[in-house]
Amino acid sequence: MNKRTCSYPGCERPHYGLGLCKPHHRQQWRGQELRPVIDRSLSPEQRLWNSVEKTQSCWLSNSKLTHDGYARVWVNGVNVYAHRFAYELLVGPIPEGLQIDHRCFVHNCVRPAHLRPATDKQNQEHLSGALRNSATGVRGVHWDKKNCRYVAQVRHNRKTIYLGRYDSIEEADSAARAKRAELFTHDDADY
Ligand SMILES: [Zn+2]
Ligand SMILES: [Zn+2]
């Protein structure tokens with residue numbers, strides 16, 4: 001025999017009244033807009049991963065989004081940023097005083113490969129770079145979302161010279177600088 005369940009989309013709780021489970025019935029009775037019930041029997045990790053939708057590049061959490069688009073998870077009585085929580089779960093403790101920077105510039109992304117510890121100053125620099133030109137803010141370097149790497153390239157004689165993928169902005173930056181220096185020398189020789 002099929003037991004009747006709640007009619008709220010995605011809710012599998014047993015029916016209580018008015019087509020709804022007990023917690024949804026209570027929300028309705030209080031005149032609240034119906035929303036997913038936080039399952040206290042789930043661990044914070046489970047709630048985090050349940051909230052994640054993986055796209056080709058990013059892992060997007062829709063948990064408790066802030067007005068500026070950061071996801072949060074309720075952990076031990078406080079809301080913590082989902083990307084920081086994910087980083088600590090999958091990578092390790094965040095060194096004291098460091099921010100977790102989104103290499104992909106997607107605030108609710110929790111994919112560890114898109115996250116990196118940065119000082120507040122670095123974070124601001126990356127952010128202002130991102131706002132300025134939707135890229136890394138570093139000349140000749142852009143972020144390859146799909147491969148989770150920084151790509152270095154230089155423009156020379158109207159051609160793009162590809163210099164490979166790197167794990168950090170700094171490595172990609174020095175590759176681009178070195179190549180520019182090399183090309184500059186040739187340019188100088190041409191004159
Ligand atoms: Zn329900
Ligand atoms: Zn991402």
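# Close-up views of a predicted protein model

**The loop with F105.** F105 is found in the loop between β5 and β6. The model is predicted: local features are given only at a pLDDT of at least 70 and side-chain atom pairs only at pLDDT 80 or more, whereas totals for chains, interfaces and linings use all residues. Residues are numbered from 1 along each chain as its sequence is written, and chains are lettered from A and ligands numbered from 1 in the order in which they are written. Helices (H or I, at least four residues) and strands (E, at least two) are DSSP runs, numbered from the N terminus. Most residues other than glycine have a negative phi. F105 has a positive phi of about 65 degrees, although it is not a glycine. A residue is buried if 20 or more other C-beta atoms lie within 10 Å of its own, exposed if 12 or fewer, and partly exposed in between, with C-beta atoms placed from the backbone. F105 counts as partly exposed because 19 other C-beta atoms lie within 10 Å.

**The whole chain provides the setting for the close-up views.** The protein chain contains five helices and nine strands. Along the sequence, these elements follow the pattern α-α-β-β-β-β-α-β-β-α-β-β-β-α. Of its 191 residues, 23% are buried. Two residues are in contact if their C-beta atoms, placed from the backbone, lie within 7 Å. Among the contacts with a separation of 6 or more, 31% join residues 24 or more positions apart.

**R116 belongs to strand β6 (residues 115-118).** R116 is buried because 20 other C-beta atoms lie within 10 Å. Beyond its neighbours within four places in sequence, R116 is in contact with D101 and R103. From C-alpha to C-alpha, R116 and I94 are 9.5 Å apart in space, and 22 residues separate them in sequence.

A82 is in contact with L48, S61, S63, A71, R72, V73, N108 and V110, leaving aside its neighbours within four places in sequence. After α3 comes G92, whose phi is positive, near 155 degrees.

**The largest nonpolar core has 14 residues.** A nonpolar core is a set of buried Ala, Val, Leu, Ile, Met, Phe, Trp, Tyr and Cys residues joined through C-beta atoms within 7 Å. Within the largest core, L48, A82, F85, A86 and V110 touch the most other members. Helix α3 (residues 82-90) gives the most to this core, contributing four residues. A second, separate core has nine residues, including V138, V141, I169 and A176. In soluble globular proteins, nonpolar side chains tend to be buried together.

**Strands β3 and β4 form a hairpin with two residues between them.** Two strands pair if DSSP finds at least two bridges between them. β3 and β4 run antiparallel and are joined by four bridges. Across this pairing, R72 stands opposite Y81 in β4. In the hairpin, N76 takes a positive phi near 50 degrees.

**An open sheet of three strands has the order β7-β8-β9.** The pairing in this sheet is antiparallel. β7 (141-144) and β9 (159-166) stand at the edges, each with a single partner strand, so one side of each has no neighbour in the sheet. Neighbouring strands are turned by 30 degrees against each other on average, direction ignored. For such angles, axes are lines fitted to C-alpha atoms (for helices over the stretch in contact), and angles run from 0 to 180 degrees between N-to-C directions. Four bridges join β7 to strand β8 (residues 149-156) in the antiparallel sense. D144 stands opposite R149 in β8.

**C148 is found in the loop between β7 and β8.** C148 has a positive phi of about 55 degrees, although it is not a glycine. With 16 C-beta neighbours inside 10 Å, C148 is partly exposed.

**The confidence of the model averages a pLDDT of 83 over the protein chain.** pLDDT is the predictor's confidence in each residue, from 0 to 100. A score of at least 70 is reached by 86% of the residues. Residues 130-134 have a pLDDT below 50, and this stretch has three contacts in the model beyond near neighbours in sequence. Over residues 186-191, pLDDT stays under 50, and the model has zero contacts beyond four places in sequence for them. Where pLDDT is low, the predicted coordinates should not be read in detail.
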